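The exercises below are meant to be worked through with the structure in view. Please try each task before reading its solution.

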Amino acid sequence: MNKLGIKGNILNTVIWFVSVYIFIILFLTLVLLIIIIIGAKLDLINIMTLQRALNRLN
C-alpha cells in the first residue's frame with residue numbers, strides 16, 4: 001500500500017479507467033479519419049455522398 005492507502009488505490013483505478021476510455025475513443029476516431037481520408041484519396045469513397053450523409057445527421 002502506498003501512503004494514500006485504499007482511497008489512493010481506488011482513485012488510481014478510476015483515473016486509469018477514465019484515461020483508457022478517453023484513449024480508446026481518440027484512437028478509434030483517428031483510425032476512422034485515416035480510413036476516410038485514404039478512401040477519399042483513392043476514390044473508394046465519394047466525397048459528395050459522404051457530405052450528404054453527414055448533413056442528414058444534423
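**Exercise 1.** Why are F23 and F27 separated by about one helical turn?

Solution. This is a predicted model, in which local features need pLDDT of at least 70 and side-chain atom pairs count only at pLDDT 80 or more, while totals for chains, interfaces and linings use all residues. Residues are numbered from 1 along each chain as its sequence is written, and side-chain values use heavy atoms, with hydrogens and water left out. Begin with the secondary structure: the protein chain has two helices and zero strands, where helices (H or I, at least four residues) and strands (E, at least two) are DSSP runs numbered from the N terminus. F23 and F27 are four residues apart in helix α1, which covers residues 5-41, and therefore about one helical turn lies between them.

**Exercise 2.** Find how many aromatic pairs there are, and classify them.

Solution. Rings of Phe, Tyr and Trp (its six-membered ring) pair if their centres lie within 6.5 Å, and planes under 30 degrees apart count as stacked, over 60 as edge-to-face and the rest as tilted. This rule gives two aromatic pairs. W16 and F17 are edge-to-face, because their ring centres are 5.1 Å apart and their planes stand at 80°. F23 and F27 are stacked, with 6.2 Å from centre to centre and 20° between the planes.

**Exercise 3.** Decide for the paired residues whether they are buried, partly exposed or exposed.

Solution. Buried means under 20% relative accessible area, exposed over 50%, and partly exposed in between, with a 1.4 Å probe and protein chains only. W16 and F17 are both exposed. F23, at 56% relative accessibility, counts as exposed, whereas F27, at 46%, counts as partly exposed. For the protein chain of 58 residues, the buried share is 5%.

**Exercise 4.** Which residue has a positive phi although it is not a glycine, and where is it placed?

Solution. Start from the general rule that most residues other than glycine have a negative phi. D43 has a positive phi of about 60°. D43 sits in the loop between α1 and α2 (47-57), and with a relative accessible area of 67% it is exposed.
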